[in-house]
Amino acid sequence: MAELRLDWNKVDKARQAAAAVADNVTEQLELCSTVAVERAICRLFGVDGVDAFDVPLANRLVDHLRTQGVLEAGAAYWLAQGALSTGLAPIKMAEAVAAGSLDLTAHEKHDAFACRLWAKEQAEKAIFRIREGRKTRESLLEKYGERSAPWLYAIVATGNIYEDIIQAQAAARQGADVIAVIRTTGQSLLDYVPYGATTEGFGGTTATQENFRLMRRALDEKGNELGRYIRLCNYCSGLCMPEIAVMGALERLDVMLNDALYGILFRDINMQRTLIDQSFSRMINGAAGIIINTGEDNYLTTSDAYEEAHTVLASQLINEQFALRAGMRKVQMGLGHAFEMDPSLPDSFVFELAQAQMARQIFPDAPLKYMPPTKHMTGNIFQGHVQDTLFNVAGVLTGQQFLLLGMMTEAIHTPHMADRAHAIANADYVKRAMKSLSDEIEYKRGGLLEKRADEVLDLALGFLETIRQDGLFRSLEAGRFAGIKRRPEGGKGMEGVIAKGDHYCNPFIDLFLEEQQDDSQA
Amino acid sequence: MIPKPDLTRLKPYGDTMDDGRIQLSFTLPVPDDERAVEAARAILTAMGLSNPLISWHEALDDRFTRIIAYATFEKGIDYTRIEAASIEAPVMTMEETDQYIRDHLGRRIRVIGASTGTDAHTVGIDAIMNMKGYAGHHGLERYDMIETLNLGSQVENEDFIREAVRFDADVMLVSQTVTQKDVHIKNISELVELLEAESLRHRFLLILGGPRISHELAKELGCDAGFGPGKYADDVAGYMAAELARRQEAAHK
């Protein structure tokens, strides 16, 4: 592949600065858990289902502990106390708590060591199920073989899971490699995960475990017919990051959006809350063999794509460091970026190409997620289709892994079936027609592309040095990303952050880290 | 010499005046075969079009067929009787609008903006309000004579109103991007009802914007104006300035 000559000394320095930023945050937040992390632990222990008012049992259980002021020991500790005293399974305890017939705090008579033993045993059962899912994916990929990059990534967003399935199966037939089910607008701000199959959503479909299961089954069926493995993507981000990560792990999703910075900036979620949630959710994603996608592309829909390109690179480097600290392998880090420059800017394609190529080289093992134009899509579908074609060219030339297909009807409606078909045909054509082009060209030494890459690298390095000095929290407060200011104590979900007590126990952290260790050796 | 169109029987233009040729594309939920093509022709005929030509058809899945077609609209419509709601506002540059505000209002206009309800998209409100603006049109923040507060996305109607009062806004700018299942209609209707319930509706100039918004729709929903595709911050600023000046003058009379 044609490569740019980058100043690797600068790349190393930028990476070191990002590492320091991530270390600093991780150190501060290791002392805390959140209600979402505790609910995720409950779910891993098999606590699923809702009460008579559709409140998830995981919420009932964690609220039960929180209102009594004992959540600082963690849900696992109290479930262990309950199980050792009553002999009930976690789901039975949750049902009893919801019915008001059990008070878990009345059973604190076992020592912390016995509790940890129980928790670890139970946790191993959950890990077993997650491992099974991973093995199924691996065997299917072995059976069908892997498709060449870039993978064509199409979205469905009807609001109705059954309608989504029709559209997803059609997209798979047309050539999509990855299907993402867009979530209903506003779900990221719910502090619980809705339950069951759903048919009413706006701009997308509710993420529920049942919807995950239905879509997984439909894509497996279609994949079997087509002789391809169709990857399924959904969204972890929001107030329920780790819980949705659990659901994704249990239902064999392959790709999950997972980005605390996105939640902080674009959903005004409290930064402490979501960074703690992110850490655990990435451990879950990591152990399940799921590729995460990060949301840097969104900076460019708010800010100018030319002027703010360095914030994308800086955020990718920070996201990489956070993912490493959650035990993820580099091949699971689908870092995001986008083709969002104003088409009226002369040489915009040249600059886009430079940035995409630079990202490819700085993260050689990462399956990068490349977003199509959205900001400068106008409703002129004919012009839009051409913009998407240029985006496809940049994606193919620079070997991006996830090519999020641009829709010519962007800014008009959620994609019609035919919009998706045209988008896939477009990308498919470019991918085929330009298959070997990047092996046949060289970028001019010191030319426009190399200059642009160097300029973005310089700015990203300076930017990261400043963030290292001020810390991530102060930098967010100063509005350094996407021009959006967020306070460390502000935003939604802060009340769900809890300081860990002396007896705190989360048996999954070590097990997930071990699981990923085993995985990387395999 | 090109003939003039008959404006009392206006028709689309393909390559010859009054040929009435129209381009259409749609998908039918049936298998791709001769019957599907015939069905597509029947649909065009039922729409009142003639000379249907199916230029392309393909299977999108076992039971979905993509159609691209051309047909003729013969009947025509009477253009001379068409009326359209349009915003009457002077077209001004940023500097001219600032000067207009100085001359006519003598104080800065206060504008609060938000993407309300569950709508998580800030693209629209940012394009109008942010300093940088969109497609070369500076946003309202850039104007000397406009004071702005952008609340971002997913702002509840109640919170939006409370903040507007606290900010002592002249103008409430509300952006709606998600329009699936008419969620924007419900949301804006609720906003207008809440404002009316609190007798605040006339305190603010209420402006709606978004990719699927027209001035006509905005008026129908009880807003003062609506700005859709192809409208930029300067259009909104010019309208605000002129309308606030007009209201001030009317109040003094």
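Modeller: Before we start, "buried" here means under 20% relative accessible area, "exposed" over 50%, and "partly exposed" in between (1.4 Å probe, protein chains only). This is a predicted model, where local features need pLDDT of at least 70, side-chain atom pairs count only at pLDDT 80 or more, and totals for chains, interfaces and linings use all residues. Residues are numbered from 1 along each chain as its sequence is written, chains are lettered from A and ligands numbered from 1 in the order in which they are written, and side-chain values use heavy atoms, with hydrogens and water left out.

Colleague: OK, which residues are buried in α2(A)?

Modeller: A:V35, A:A36, A:V37, A:E38, A:R39, A:A40, A:I41, A:C42, A:R43 and A:L44. That is 10 of the 10 residues of the helix, residues 35–44, so α2 of chain A is largely enclosed by the rest of the structure. Helices here are DSSP runs (H or I, at least four residues), as are strands (E, at least two), numbered from the N terminus.

Colleague: Switching to the contact: how many residues does each chain put in?

Modeller: Chain A brings 35 residues and chain B brings 27, with contact meaning heavy atoms within 4.5 Å. Between them the chains bury about 2400 Å², 48% of it on carbon and sulfur atoms. Buried area is the accessible area (1.4 Å probe) that two parts lose on being put together, summed over both.

Colleague: How many salt bridges between the chains?

Modeller: The count is 3, each being a side-chain nitrogen of Lys or Arg within 4 Å of a carboxyl oxygen of Asp or Glu. A:R173 forms a salt bridge with B:D62, where the closest N and O atoms are 2.8 Å apart.

Colleague: Last one: is B:I82 buried or exposed?

Modeller: B:I82 counts as exposed, at 53% relative accessibility. B:I82 lies in the loop between β3 (64–72) and α2 (94–104) of chain B.
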